[in-house]
Structures are given as C-alpha cells and as structure tokens.
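Trainee: Could you take me through how to read the features of this structure, beginning with the general idea each time?

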Amino acid sequence: MGVFPDFEGLEGIGELREVIGALLTFVLIIAVLMLIVCAIGWALASSNGHHAAATKARVGAWTALGAAILAGAGVAWMNWLIDLGQQL
C-alpha cells in the first residue's frame, strides 16, 4: 500500500506553488542586495570612524545574511520533506 501526499487534491495548488516560488525569489534577491548595501555601508562607516553607523550596518548585514540562509534552507528542507513523504 503506497501512501503519499496528494498535491492535486486542492484546487489552485499549482498557482500557490508559483506564488510561493516567486515570493522566495524576491526574498532571496532583496536579501542579497541588502547584504551588499549593508556591507558597503559597514565598510565606509568603519573606515570613516562612524561607529554607530557601522554597528547598524553590521546588524543589517547579519540580518540580511540570515534571511537569505533561511529562505534558501526553507526551500531545501521542504523539498527534502516532500521526497521523504513520497518514499514512505
């Protein structure tokens, strides 16, 4: 007896997958761009002696990095769970 998730059981599941995929793409693009902007701001503020601005840019850079990692890891984890569910 094979038990597996029926992704076609709900109407509009294909559109939902497309929307979620597009949103994750936007999250990854924005997170990488913010990482670049914050890293540049961190470097400029540190080199000019603006310690408060450097601290805020550093927090922004780490937050953007964390968002990019979580968005990428979320996709990988969900695909792993789907594959695992199909094997059971």
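Mentor: Helices (H or I, at least four residues) and strands (E, at least two) are DSSP runs, numbered from the N terminus. This is a predicted model, in which local features need pLDDT of at least 70, side-chain atom pairs count only at pLDDT 80 or more, and totals for chains, interfaces and linings use all residues. Residues are numbered from 1 along each chain as its sequence is written, and side-chain values use heavy atoms, with hydrogens and water left out.

Trainee: How many helices and strands are there in the protein chain?

Mentor: The protein chain has two helices and zero strands; Ile-30 lies in helix α1, residues 13-48, while Thr-63 belongs to helix α2, residues 51-87.

Trainee: Which residue does the side chain of Thr-63 reach?

Mentor: The side chain of Thr-63 comes to 2.7 Å from the backbone oxygen of Val-59. The C-alpha atoms of Thr-63 and Met-34 are separated by 9.2 Å, although these residues are 29 positions apart along the chain.

Trainee: What share of the contacts in the protein chain is made by residues 24 or more positions apart?

Mentor: A contact means heavy atoms within 4.5 Å, and among the contacts in the protein chain with a separation of 6 or more, such residues account for 55%.

Definitions and conventions: Polar contact = N/O pair within 3.5 Å; in protein donor to acceptor, adjacent residues only side chain to side chain.
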